[in-house]
Amino acid sequence: MSATNHRWRKFKNVLMQAVALACALLVVAPLGLVFYHLIKSGIGSVNWAFFTQLPKPVGESGGGMANAIAGTFILLGLAALIGVPVGVLGGVYLSEYGSSRLNWWIRFAADVLNGVPSIIWGIVVYALVVVPMKGFSAWAGGIVLGMMMIPLIMRTSEEVLQLVPNGYREASLALGIPRWRTIVQIVLRTAMKGIVTGVLLALARVAGETAPLLFTAFGNRFWNHSLSDPIAALPLQIFNYAISPYDDWHRQAWAGALVLLLLITAVNVGVRVLTRDRFQKPA
Amino acid sequence: MKTKSLLIPLVALSACFLGPDLADRASAQMLINGAGATFPYPIYSKWFDEYVKVDSSVRFNYQSIGSGGGQKQILAETVDFGASDGPMSDANLAKAPRRLLHIPTVAGADVLTYNLPGNPQLKVDGPTIVDIFMGKITKWNDPRLAQQNPGVKLPDDDIIVVHRSDGSGTTFIWVDYLSSVSKEWESKVGRGTSVNWPAGLGGKGNEGVAGQVKQLPGAVGYVELAYAVQNKLPCAHVKNSAGNYVAPTLDSITEALATAKIPEDFRFSMVNPPGDKAYPIAGCTWLLVYQEQKDAAKGKKLVEFLNWAIEKGESMAESLNYAPLPASVRQRVLERIKTIKY
């Protein structure tokens, strides 16, 4: 009686472990499939010209997406310029100042903003920036991505700032160091790696956005010379090429998608390296 | 010594990386932006690329956000020129802050594509297409289809209608044609870049419709000619108003353009024109430009480009499966471009 019971329990254990393993594999499988498919379809078109040349018109082979790759980096730079200071300082406010009642509302607002579809952000910035300025621009693209980054960075910054032990703050204040210096030189510095991680994750998150850029950064077939002119971006270029009827452009779109994915993967790997370091050292 | 030997290839490498682009960057000054129709995007991008060789001090940046988007953006003046596959309605034109000109550039056609065993060459007339898209003709071996296609073995299969689910100039031309041959279609469904379809499945973009037709045996749908040619899709011959079954080709579209009635403001529909060899389901695409240009420097460059496009650019149309404007129309367009003030 007890032997069969024991075997039954063992069987259930093995069965559930197998199910859990299968589910875990299912989580990883899409990433593998995406990588496999992109490498298969895109690697043939990734060459030197792809990174150095402007797009060619239909019917002429070759050409690349140099302007779109540069454009994506410029847009991310502008976005960081807007998103990082506001996001980090907002996180500081939530963690170091702020009443719990107000904080609840700010957190709630940030969480709602994180869930706003990206196309809505695009429309908002179109109405607030593009229409008054009478033109699409790199600024508008940077602003929309920056605005999307703010709630992301604010929430992650707040969380890592709260991990800083209160003893640090108390010790600093006890030594007569003013509160602002305590925050800047003790709290922020201790949490720096976590904040950088949050910033990188937010950058990786907005790097692949297409919808908010359609009506802000707009896209550009040529190099961008002024931030008040439209600018190219990888996701936009991929979108334009993917819906075209030409095989040559489809191949370029695959290559662009592969490059974009590698870029985002590189950022994520960077984040892993940073966070591993943080957990190895005792806080 | 060692650093020097390392430096040389490095400098050479960065030179070939940056060299051509730096030259390109230094020479370019002005950027003129436009937005609109997807259909002419390939020819426009070709023109703007070629035009760099004509005038290197200006770059034209065109983004294909769709005809509706093109009309909205030129009305909001967020772009320097717009583009649309359908002429703007009077109501929309009234919203313009200044007078907007329609500059026709090239023409294209919608084709009826299908998926039948062996893909035989089909012939259809307008009323038959209307009834297929109305959901009234539901079988491929319907007597009306069989009668027009003697010798073709039509299967006893259901017809699956596929139409565009998104707003598009391709749809505008298609339903413009169906409205012109059927009063019933005109009153029940009407014209527009997107309509309430009485039958069928939706697909997004030309590729969406073509993909569905390819995958579903017995399916029928409409796509742009350029798209059908690029993807080697079967195209039905369509009966025109002279009673001939005409294949969609560049010649039969140019013929349609030449025989279409073109009014003073160039806002015209060219479906069902009277020509003997004219393909009946064709349409023009337009650039939308303000008659009074606010920025004198940009306005001057824009006019220079428009003249070049009509005089020289038209000759590039055919290689990209667009029909160029006939000489008579070109002359009228050039006259109109002269009225642009800057």
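# Two contacts of chain B

Biologist: How many salt bridges count between domain 1 of chain B and domain 2 of chain B?

Modeller: Two salt bridges link domain 1 of chain B and domain 2 of chain B. Keep in mind that this is a predicted model.

Biologist: What makes the pair B:Asp90 and B:Arg267 a salt bridge?

Modeller: The closest N and O atoms of B:Asp90 and B:Arg267 are 2.6 Å apart. The cut-off is within 4 Å, between a side-chain nitrogen of Lys or Arg and a carboxyl oxygen of Asp or Glu. The pair B:Asp90 and B:Arg267 is therefore a salt bridge.

Biologist: How many residue pairs are in polar contact between domain 1 of chain B and domain 2 of chain B?

Modeller: Six residue pairs, both residues at pLDDT 80 or more. On the side of domain 1 of chain B, the elements giving two or more residues are α4 (90-94), β4 (100-114), β11 (282-290), β12 (323-324) and α13 (327-337) of chain B. That side divides into 16 nonpolar, six polar and five charged residues.

Biologist: Where do domain 1 and domain 2 lie along chain B?

Modeller: Domain 1 covers 29-108 + 284-337, and domain 2 covers 109-282. Their centres, taken over C-alpha atoms, are 27 Å apart.

Biologist: How many residues of domain 1 of chain B are in contact with domain 2 of chain B?

Modeller: On the domain 1 side there are 27 residues, against 22 residues of domain 2 of chain B. Together the two domains bury about 2,100 Å², with 63% of it on carbon and sulfur atoms. In domain 1 of chain B, the residues that lose the most area to domain 2 are B:Gly108, B:Asn321 and B:Arg332, together 27% of what that side buries.

Biologist: Why is B:Ile253 called buried?

Modeller: Its relative accessibility is 0%. Buried means under 20%, so B:Ile253 counts as buried. B:Ile253 sits in helix α11 (residues 250-259) of chain B. Leaving out residues up to four places away in sequence, B:Ile253 touches B:Ala107, B:Gly108, B:Ala109, B:Leu225, B:Met270, B:Ala282 and B:Ala323. Between B:Ile253 and B:Met270 there are 17 residues in sequence and 9.5 Å in space, C-alpha to C-alpha.

Biologist: Why does B:Asp131 count as buried?

Modeller: B:Asp131 has 14% relative accessibility. That falls under 20%, so B:Asp131 counts as buried. B:Asp131 lies in helix α5 (residues 126-134) of chain B. Again leaving out residues up to four places away in sequence, B:Asp131 touches B:Lys136, B:Ile137 and B:Arg144.

Biologist: Now the other chain. How many residues does the contact take from chain B and from chain A?

Modeller: Chain B gives 33 residues and chain A gives 29. The area buried between the chains is about 3,100 Å², and carbon and sulfur atoms give 58% of it.

Biologist: How do you know that A:Lys134 and B:Glu77 meet in a salt bridge?

Modeller: From N to O, the distance between the side chains of A:Lys134 and B:Glu77 is 4.0 Å. The cut-off is within 4 Å. The pair A:Lys134 and B:Glu77 therefore counts as a salt bridge. Between chain B and chain A the count is two salt bridges. Seven residue pairs are in polar contact, both residues at pLDDT 80 or more.

Biologist: Which elements give two or more residues to the side of chain B that touches chain A?

Modeller: They are α1 (2-27), β1 (30-36), α2 (41-54), β2 (58-63) and α10 (225-230) of chain B. α2(B) gives the most, eight residues. The side of chain B that touches chain A divides into 14 nonpolar, ten polar and nine charged residues.

How values were computed: Residues are numbered from 1 along each chain as its sequence is written. Chains are lettered from A and ligands numbered from 1 in the order in which they are written. This is a predicted model: local features need pLDDT of at least 70, side-chain atom pairs count only at pLDDT 80 or more; totals for chains, interfaces and linings use all residues. Side-chain values use heavy atoms; hydrogens and water are left out. Domain bounds come from an automatic or database domain assignment. Contact means heavy atoms within 4.5 Å. Buried area is the accessible area (1.4 Å probe) that two parts lose on being put together, summed over both. A polar contact is a pair of N or O atoms within 3.5 Å; within protein, one must be able to donate a hydrogen and the other to accept it, and residues adjacent in sequence count only if both atoms are side-chain atoms. Helices (H or I, at least four residues) and strands (E, at least two) are DSSP runs, numbered from the N terminus. Ala, Val, Leu, Ile, Met, Phe, Trp, Tyr, Cys and Pro count as nonpolar, Asp, Glu, Lys and Arg as charged, and the others, Gly among them, as polar. Buried means under 20% relative accessible area, exposed over 50%, partly exposed in between (1.4 Å probe, protein chains only).
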